[in-house]
Amino acid sequence: MLVLLAFIIAFHITSAALLFIATVDNAWWVGDEFFADVWRICTNNTNCTVINDSFQGLCVMIAASIYTDRREDIHDKNAKFYPVTREGSYGYSYILAWVAFACTFISGMMYLILRKRK
């Protein structure tokens, strides 16, 4: 039982660190000349513009799921400012957000199992 509790704590710490990294860096959608996330688009590492339809105030997991579904719409609405964002791929921050979601889900399931054993 103590081992399960240690794993739960480890998953919580890991997922918190991954969520922090995924939120701080803006590498959700990357290309050769730009970096974009849910909140802004940066070209040449210096010119950053806030996306009009941002998801500020939402938690990262909700933002990641919405971004997965609405990525094309978000970038198409800003295509007149940044046409380069149409070509790109998911960055490491986006992947870290989904890995953190999996860690949080697993730790939640482990907690439920631990609670039911009592």
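I started at Ser 15, whose side chain reaches the backbone oxygen of His 12 at 3.1 Å. The side chain of Ser 15 also makes a polar contact with the side chain of Thr 104, at 3.5 Å. (A polar contact is a pair of N or O atoms within 3.5 Å; within protein, one must be able to donate a hydrogen and the other to accept it, and residues adjacent in sequence count only if both atoms are side-chain atoms.)

A note on the source: this is a predicted model, where local features need pLDDT of at least 70, side-chain atom pairs count only at pLDDT 80 or more, and totals for chains, interfaces and linings use all residues. Residues are numbered from 1 along each chain as its sequence is written, and side-chain values use heavy atoms, with hydrogens and water left out.

Is Ser 15 buried or exposed? I found it buried, with a relative accessible area of 5%; buried means under 20%, exposed over 50%, partly exposed in between (1.4 Å probe, protein chains only).

Next I asked what Ser 15 is in contact with, leaving aside neighbours within four places in sequence. I got Ala 100, Cys 103 and Thr 104, with contact meaning heavy atoms within 4.5 Å.

Then I placed Ser 15 in helix α1, residues 2–24. Helices (H or I, at least four residues) and strands (E, at least two) are DSSP runs, numbered from the N terminus.

I also checked Leu 112, which lies in helix α3, residues 92–117. Leu 112 counts as partly exposed because its relative accessibility is 45%.

Last, I read the pattern along the sequence: α-β-β-β-β-α-β-α.
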